[in-house]
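Trainee: Could we go through this model together? I would like to ask about some rings and helices.

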Amino acid sequence: MRLHSLRARIALVFVLLMLAVQAAAFVVINSVITSNAHRNANEQLAVAERVFKQVLRSNGEKLTQAASVVAADFGFRQAIASHDEKTVASALRNHGDRIHADIVMLADLDGKLIADSSGPAHEGMPFPFPKLLRAVERNGDASAIGMIDGRPYQLVAVPIKAPLPIAWVAMGFVIDDDMAREMSSLTSLDVSFIDQRADGHWTALASSLPAAERRALQDPSNLSEENYATRLVLLKSEGEPVAVMLQRSLAEALAPFRRLQTTLLLITLAGVLVSIVGSMFTARSVTRPIAALTQFSRRIGQGNYAEPIDVKHHDEMGELANAFNQMQHGIAERERRITELAYMDRLTGLPNRALFNDRLQQAIGVALRAEHPLSVMMMDLDRFKYVNDTLGHPIGDLLLCEVAKRLRSALQRDTDTVARLGGDEFAVLLPTDDIDAAKLIANRMLKALEEPITIEGQLVDVGASIGIVTCPLNGADMNVLLRRADIAMYVAKRANAGYALYDERHDQNSAERLSLMSELRQAVEHDQLTLYYQPKVDLSTHKVKYVEALVRWDHPTRGFISPDQFIPFAEQTGYIKSISRWVADKAIQQCSLWHAQGIELAVSVNVSARELIQSSLPDTFSALLRKYRVAPEWIWIEITESAIMDDPNHAIETLDRLHALGIRLSIDDFGTGYSSLSYLKRMPVDELKIDKSFVMGMFDHKDDETIVRSTIDLGHNMGLKVVAEGVESEAMLLRLKDLRCDLAQGFHLSRPLPPAKLEAWLQEWQESAETA
Ligand code: C2E
Ligand code: CA
Ligand code: CA
């Protein structure tokens, strides 16, 4: 148990509290016991003093009575009178013996000893206790302590009267250890008789104490109060002061209390022990659920929401555990929701790009390890923007949902993934399919989309283009696969083929395009791009007033690269922006140069779909016009029909702004897109360019001729100039002239040329026109 843990602290507080309480109780009870013992001892001393005095008094009375009996004995008196010393001595001895007196003495009235039971040595000497005699004379009787031959005695004296006093008889008990012990047994105290010497020291005369402890009596003030309760009683004495010391051994007095104290101490210790165990148990019961909750929170922290915590208690801990469970549930739910949002396409409920990439990455790993193929399809709806813009976003959304539904039902295996990558772009992961299986599925998907789709009563016609790649055939890297699927889809779209497989051979240029990517970046910076110009000839006047600028890439190792090979790629990678800027700059500059030389040419610049959506396009052009001081009517912009139809509303907005600048607009590759007349009418267009495929097929296909003819009529009806591109022969030129086409552009007239060569061509053209 760590010391700073909650558990240890709770236990410690409990134990300390318990200790404090126990200690206080112990101290109080102990002091009560001790003071009680002292009081008891003192009371015993007081009682003992009374008993002692009573014993002393009764001893005195016993002596006095015996002495009185002697004094009253007639024979004895006669023996004294006749100086019959023998009789006197034996009478004294007899009477003394009767009460076990230790000493019997007879003194004459002058105070001289006549007889002494202790021996004849003292006869003739003065009686040693004259004060005693005087006290008896005064009071009738008296008792005193006196020393004879260094031994203490309790003495009494009685006069012998015949009838007048003729002598004194004195009797005494010796005060010795026996007497002290007797006293001690009566009082149940230690009794010591002590006298004070001339030098102030006390000596023990007799004592019930063992010899070793007697020495301590020399100075009673030294007697330790800790060991004894004492009382000093001064006795009446002749000569040195004599006292009796009553002692109560506190050890003995306390003995019964000591047992009580020991018991108390044991109880206290047991209490402390119990409280330690109890507090540890309590602390554990408090901290154990906390530890469990801590463990649980860690698990939640690690994202493990599998099992809820077991709620065992119905107290606050139980509530907390419940709250944790709710929290876990809430977190899991929110996480699930977040994951859903992060990995789901909200509109269609399909997996989104992030999830698709995750699954693809995983599937690639599995496929490589298991050595089986996997296929990826990229799908893009045709004409989705058109639907979106003509019928509105809500219909567009419903269309996407319907497409998602159909795709899902076309892919019935759980292992397959259909995802919406964004916009009208979908992707399919077939984790175990080779190219043939993928083709079958692509066909199924296309078929599913061919079924008429009716949304809110409107029939919506969408097609799709699908690009297919297989791993490891087309690469084993996720990004490479996705890019190649995209390229294949692009190929399918261009070819209007439904689906296309990524093919290195046919897609040679795509592969090249991939490797060209970094080189393309440098093309602009390293001045590898040039502009060629192809004239448009006026079929009625034969004059050349318009040229189209066409970009060329003069690659340092590959030579000239056709824009068809890098413009689509530049569009995909977004690099088209820099190229377009460069082209616009160069073309407008060239236009300005020609005008300065007196060559009045209007220059057409091609703008790709991607830029049309960019609202900065008009600003770019107006800035360049100002920079090169070129009048806006000298600049034309060609936009392909399909670029406009990708996002017509946006396109119209940008075209309006360009037109407002005074720039002329031309619809390129007309006939290949799906433009509706209603759009065409809304657009500020000046020119239609019939796509070269129709012009070139004019003599071989009746349809193509019809298209050329009706386009010319349509253009004229709308007040537009009509240009035919791809004019490769004189016959074509004449036919177009017949059809009242306004302008012609094609190899038959001139290939696209660099400016200097174009100038030379113009010169030549003019001369031949003049001669004609
Ligand atoms: P486009 O705008 O339709 O340009 C006409 C293309 O037809 C040019 O190919 C031109 O060389 C070619 N052409 C002209 N007369 C004939 C002919 O009699 N017979 C045949 N078979 N072809 C003829 P080019 O220069 O290779 O350009 C291809 C496409 O590249 C262009 O088609 C245009 O869409 C794009 N492009 C060219 N330059 C630019 C540019 O500066 N910016 C953008 N965004 N795209 C450009
Ligand atoms: Ca063009
Ligand atoms: Ca064209």
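Predicted model: local features only at pLDDT ≥ 70, side-chain atom pairs only at ≥ 80, totals over all residues.

Trainee: Is Y532 buried or exposed?

Mentor: Residues are numbered from 1 along each chain as its sequence is written, and side-chain values use heavy atoms, with hydrogens and water left out. Buried means under 20% relative accessible area, exposed over 50% and partly exposed in between (1.4 Å probe, protein chains only). Y532 has a relative accessible area of 18%, so Y532 is buried.

Trainee: What kind of aromatic pair do Y533 and W594 form?

Mentor: Rings of Phe, Tyr and Trp (its six-membered ring) pair if their centres lie within 6.5 Å; planes under 30 degrees apart count as stacked, over 60 as edge-to-face and the rest as tilted. Here the centres are 5.0 Å apart and the planes stand at 70 degrees, so the pair of Y533 and W594 is edge-to-face.

Trainee: How are α18 and α20 oriented, roughly parallel or roughly antiparallel?

Mentor: Helix α18 (residues 617-627) packs with helix α20 (residues 648-661) at about 20 degrees, their axes 9 Å apart. Angles under 35 degrees count as roughly parallel, over 145 as roughly antiparallel, 65 to 115 as roughly perpendicular and the rest as oblique. So α18 and α20 are roughly parallel.

Methods: Chains lettered and ligands numbered in written order. Axes fitted to C-alpha atoms, helices over the stretch in contact; angles between N-to-C directions. Helix = DSSP H or I, 4+ residues; strand = E, 2+ residues; numbered from the N terminus.
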